[in-house]
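Good morning, colleagues. Please look at the sequence and the model on the screen, and I shall then guide you through one part of the fold.

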Amino acid sequence: MPATAVETPRPEVWQPLLSGPKAPFVLNGVAGDRLNVEVLPARQVGSVQVVSWRWVHVRGPVSFPFDGAPNLMALSPVSVFLLGADAPDDEVLDVVTSTPVYYRASRPVPPQTREDGRYQTVWRLDEEVVVCLGEGPPPDAPACEDACFAEVCFSSTAGIVAVSGRWAPDSATFAAKGYERFTDRADYVGAGPAGAQ
């Protein structure tokens, strides 16, 4: 991560997912591969907002569902949880009462700081905010021989903009047009005071 950080941004990064279905998000990979992400209508489960989506891997003239990445998000007033789309409502409600994994506010949790390996990075591109939710090795883990991380990124203006690592076909990187290597031109939002996570 870059050494310098900017203040925590304010936009509700999840709004493009909650605002209802639209044309699929298109994420481009290598050699013409792409992932189309179809967002389904958001719904309310108790006090929790739930949105799900479908990943479709397109390789040449062939397309097929891709089930290797999370495809359901439950948003409580303070937390974000990634689940599988087949999670029943009672499971969603059980999960959101557990210890937060990711935070609804743009609150960074640096990689390799939590024992469960989960992290949340936050980036600012002018007025836009991009939040990446991921899983990786815990602190002090031995070197990894294969893809160690899995990550999906959400934009406050463009919805799902990237997926990579174990959550992507062939552990490749897929990104929306204009979001290829977006971190090279974005401001990294740091983790704030020690112990904040």
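Contact, in what follows, means heavy atoms within 4.5 Å. Trp-53 touches, among others, Leu-17, Met-73, Phe-154 and Ile-160, when residues up to four places away in sequence are not counted.

A word on the basis of this talk. The model is predicted: local features need pLDDT of at least 70, side-chain atom pairs count only at pLDDT 80 or more, and totals for chains, interfaces and linings use all residues. Residues are numbered from 1 along each chain as its sequence is written, and side-chain values use heavy atoms, with hydrogens and water left out.

Let me turn to strand β11, residues 150-155. Strands here are DSSP runs (E, at least two residues), numbered from the N terminus. Is β11 buried or exposed? Buried means under 20% relative accessible area, with a 1.4 Å probe and protein chains only. Six of the six residues of β11 are buried, so the strand is largely enclosed by the rest of the structure. Ala-150, Val-152 and Phe-154 point one way, whereas Glu-151, Cys-153 and Ser-155 point the other way.

Which strands pair with β11? Two strands pair if DSSP finds at least two bridges between them. Strand β10, residues 128-135, runs antiparallel to β11 and is joined to it by six bridges; Glu-135 has Ala-150 as its bridge partner. Strand β12, residues 159-165, is also antiparallel to β11, again with six bridges, and there Phe-154 is partnered by Ile-160. Three residues lie between β11 and β12, which form a hairpin.

At 0% relative accessibility, Ser-155 counts as buried. Leaving aside neighbours within four places in sequence, Ser-155 is in contact with Val-13, Pro-16, Glu-128, Val-129, Val-130, Val-161 and Tyr-179. Gly-20 is 135 residues away from Ser-155 along the chain, and the C-alpha atoms of the two are separated by 15 Å.

Note on methods:
Buried means under 20% relative accessible area, exposed over 50%, partly exposed in between (1.4 Å probe, protein chains only). Helices (H or I, at least four residues) and strands (E, at least two) are DSSP runs, numbered from the N terminus.
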